[in-house]
Amino acid sequence: MAEAHPVGFQWVMEAKRRGAKVFHVDPRFTRTSALADSYLPIRAGTDIALLGGVIRYILDNELDFREYVVAYTNAATIVTEEYADTEDMHGLFSGFNDDNATYDQASWRYEGHSQTQTTRDSETQRETAAGLENESHGAPVGGQTERDETLQHPRCVYQILKRHFARYTPEMVERVCGIPQDKFFELARAWTENSGRDRTGMLVYSVGWTQHSVGVQYIRTGAIIQLLLGNVGRPGGGVMALRGHASIQGSTDIPTLFNLLPGYLPMPHHANHPTLDKWVDSIAHPGQKGFWGNARTYGVNLLKAYWGDAATADNDYCYGYMPRMTGDHGTYQQVLDMIDGKIKGYFLLGQNPAVGSAHGRAQRLGMANLDWLVVRDLFEIESATFWKNAPEIETGEIAPEECRTEVFFLPAASHVEKEGTFTQTQRLLQWREKAVEPPGDARSELWFFYHLGRIIRERLATSTKPRDRALLDLAWDYPTHGPTVEPSAEAVLREINGYDVATGRPLASFTEMKDDGSTVGGCWIYTGVYADGVNQAARRKPGSEQSLVAPEWGWAWPANRRILYNRASADPDGNPWSERKRYVWWDADKSEWTGYDVPDFEKTKPPSYRPERDASGVAGIAGDDPFILQGDGKGWLYAPTGVLDGPMPTHYEPVESPVRNPLYEQQANPTRKVYTHPINTLNPSPPEPYSQVFPYVFTVSRLTEHHTAGGMSRTVSPLAELQPEMFVEVSPELAVERGLTHLGWAHLITARAAIEAKVLVTDRLTPLRVDDRIIHQVWLPYHFGFEGLVTGDSANDLFGISLDPNVLIQESKVGTCDVRSGRRPRGAELLALVVDYRRRSGDLSPHYPPQVTTDSADSGPDQEV
Amino acid sequence: MGVRSWIEGWPVYRQLTGTDPLGRGAAAKSDGSRALTARTDTADSVARSVCPYCAVGCGQRVFVKDGQVSQIEGDPDSPISRGRLCPKGAASKSLVTSPLRQTTVRYRRPYGTEWEDLDLDTAMNMIADRVLAARDETWEDVDAEGRPLNRTLGISSLGGATLDNEENYLIKKLFTAMGALQIENQARI
């Protein structure tokens, strides 16, 4: 965090000054480790084993915050007897289907619930990354559950959790992660001692957790600990995702993602969402509790925002215009389709996949096989010049005079040359004022897309084709200004916020939205950002003149709420858990929720409110159900549906690992997304032979001085000077083993590529004792490429493509490789080196490790651990 | 110059007798440095902005002189950053004023070996032509069972995490109306 989010880290230091104990877990000792109270080196890809050990420690010693756990989580909820755990299935859960390597989630359901009512099977959910829809709410589940609040029922979630994590002992943590037991106990003690009415602990992660084939489950494991310790919805608690781009949260909320529409509404699927009714019912899931019961309203408001007057009740608000998904249309599938010649045109908007995405060679070969490519950026990044400067030129795989891709480079406006909002990592929108005009031909994305749409609509003005109606009926009348005819960002923000059609009055809250076409709103969770006709994101009341919550600086979704689910900061009766942790509470005199933040609860629903037995939607949420966007109102220790690789996290080895999974016969995530494309060959891992050809673990991350693929930092002289060269960090022990010299050269080889880097011999990397072997890890920055002021080989070239099944994010924080002294070979010899490694590690045909590594997937207890 | 002013002109004297015993402020000033003015003082205007790098969202003040960015500093009012910027944020002025920035349209024709110049309007029209052609060539009305698809899989887009919400909104809206599904950004990566 000190390294990649330095200014955010000041608050960790502030907390430390006030007595907080800071732990840092990382494969490599960093600037964060240097300032932490305790540093735990870990084998990359084993965090679930470590966190699972903490869960076991909590449960075995009954250190959970029991009042919170019983009232606010699903610990007491009883699960159907059809459920079978990894304990009894060699590392698989019940319901595994060998044919398509997915789970039938029916046996994971709550007791008394019918077979899962979800309209989509697990394979469709994986293909469409349906887990992403849950960024603002849990998966659909019926609201009424059977509970045992003594937590003694053998099939209540608490007991299931206890059995599931029974084998995550301190000895096992040491064996899997390489973390000594005294270090583990130090962490577990500090975390649990800092829990209860008076104390909270916070968990902070970044893409070191998400970029794994089991990344969603990493975060689930963290969330389980935080729920058990009562650290969710309370000040000083939470699971904080530190995201890495200025508005990556905004581009998830208002998604430029294939499977989502604004506000986490799913992009329609051809089979499951043929009509508006089917679409909204699949979201609202009739019978479940909470605010998603109003999904029809959110959907209709979006359709009205898109198609304006043309969208009416008679035509289902133009729902029929929506394109439909049939499967995986994600960025990695697209790249493979480009290589196969299926995609004609590609827009790159401030993104540099030639360096920043996994398997750089696949990225570049894909771009070299398009009809046309539009690159919009500040600089001539690698993705704009691959046709003349890529490493594949030297190997002969790309020749400019044979590369057909037509390339348009359009210069972009910088952040000071346009106005608009970024949403930062805690859901806070901040408006930026425009400082200067963009230079030359540089334009904002707002300008580019507004005018591209205008030109296309003019071209089609006389078209009678049905397919063109969606473009011609589009509400695309934005006011423009200035010499470049720039569209008004504020007008777009107003549409995102929503307004009353008849009066034009901006909506103050999504609760004002109607499902009859009388209101418009482009992103329901952002409603309120333009309340009272005021750009709330532009508010700049100095922090020094406000409370710690600083509610008048910018605007946070939803409803300017700074801590989500903050009803949990009060006890079931509505009183603060303690004076020290007072945040939001029930004011009995005024009969309303109040506090330092906007209460995340219906303002006048008393703690004593109990719904009728069959109540659903918002009315189904009891006065002591803080998790108002969950189908049962509870925080989920156990996910009865929606998490495709299991209702609870399980340690699986990374897809490429030098180690046999010490916990289960099942080696890696059995449900991971696999691409069997010839370019995507993977290194073998146990139990397969030849894994020793790639004996070392490599991981990548950021340097303070660079930003992602380097397009905004290797082009900037002060930053380029501070970190001028690609390098690899190796331990002194590995340097001896491989004959590497400090400041000399090394090259790293995988089944995809060989790259070179300067050697930095440092004890920041520690050889780890794992399962009675020494495992060496090396670390690389992933910022370098072949353009800019400073250049170097790209670390992402080393990775293959294996994805998490829930969100289709790639495993690019861990892989296996070989490390050799000296520079890599050039040209044809470089290709020959990689081919030689592939030959030595099996055969030359593309290699994909088996999904399932247990013979007896559906019966019998484990014989070996 | 009198003896008195000669002595007072000696920084050590001022450091020992004045209000700046550490010699880091007034005592260390020369006539030259006394006459200096901060760029932030002479700016024509200041824009309230936000750092473009990571997602912490540090406040920035962008100082403008004669239509050019003259300085970018941390915004002390921000409750998030309290005026601080990291090495990247502090280099923002170098980013936006970098001589490496490309400010004209560049065009590489198929099988070309060099960039060529292209007028922005021409480029926009050429791109619109290609979008419509790719869409027509790859359009899918219905699936094998006659259910609507309304889409093209011939067009892809990647990017958005560095852009504004308003921009992402228009990108998604236009591509969706166009039937282009394959829209992605860094949040997938």
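Start with chain A and colour it by the domain assignment, which gives domain 1 (1–37), domain 2 (38–193 + 212–230) and domain 3 (673–840); such bounds come from an automatic or database domain assignment. This is a predicted model, in which local features need pLDDT of at least 70 and side-chain atom pairs count only at pLDDT 80 or more, while totals for chains, interfaces and linings use all residues. Residues are numbered from 1 along each chain as its sequence is written, and chains are lettered from A and ligands numbered from 1 in the order in which they are written.

**Confidence**

Colour chain B by pLDDT, the predictor's confidence in each residue, from 0 to 100. The mean for chain B is 95, and 99% of its residues reach 70 or more. For the complex, the predictor gives an ipTM of 0.96 and a pTM of 0.96.

**Domains 1 and 2 of chain A**

Select domain 1 and domain 2 of chain A. Their centres, taken over C-alpha atoms, are separated by 27 Å. In contact are 10 residues of domain 1 of chain A and 10 residues of domain 2 of chain A (contact: C-beta atoms, placed from the backbone, within 7 Å). On the domain 1 side, the largest share, 4 residues, comes from strand β1 (residues 23–26) of chain A. Helices (H or I, at least four residues) and strands (E, at least two) are DSSP runs, numbered from the N terminus. By class, that side of domain 1 has 5 nonpolar, 2 polar and 3 charged residues. Here Ala, Val, Leu, Ile, Met, Phe, Trp, Tyr, Cys and Pro count as nonpolar, Asp, Glu, Lys and Arg as charged, and the others, Gly among them, as polar.

**The core**

Next, select Ile55(A) and Leu748(A). Of the 289 residues in the largest nonpolar core, these two touch the most other members. A nonpolar core is a set of buried Ala, Val, Leu, Ile, Met, Phe, Trp, Tyr and Cys residues joined through C-beta atoms within 7 Å. A residue is buried if 20 or more other C-beta atoms lie within 10 Å of its own, exposed if 12 or fewer, and partly exposed in between, with C-beta atoms placed from the backbone. Not counting residues up to four places away in sequence, Ile55(A) touches Leu161(A), Phe165(A), Tyr168(A), Ile224(A), Ile225(A) and Leu228(A).

**Between the chains**

Show both chains. Their contact takes 131 residues from chain A and 99 residues from chain B. Helix α7 (residues 165–178) of chain B supplies the largest share of the chain B side, 13 residues. That side divides into 50 nonpolar, 28 polar and 21 charged residues.

Now select strand β11 (residues 406–411) of chain A and strand β4 (residues 106–108) of chain B. The two run antiparallel and are joined by 3 bridges; strands pair if DSSP finds at least two bridges between them. Phe408(A) stands opposite Tyr107(B) in β4(B).

**Backbone stops in chain A**

- Trp557(A) and Pro558(A) are joined by a cis peptide bond, with omega about -10°. Pro558(A) is in the loop between β18 (555–556) and β19 (584–587).
- Pro686(A) and Pro687(A) are also joined by a cis peptide bond, with omega about 5°. Look for Pro687(A) in the loop between β21 (673–674) and β22 (696–701).
- Asp316(A), a residue other than glycine, has a positive phi near 55°. Asp316(A) is in the loop between α13 (295–307) and α14 (331–339), and is partly exposed, with 17 other C-beta atoms within 10 Å.
- Asp771(A) has a positive phi near 50°. Asp771(A) is in the loop between β26 (768–770) and β27 (773–775), and is partly exposed, with 15 other C-beta atoms within 10 Å.

Conventions
Contact = placed C-beta atoms within 7 Å.
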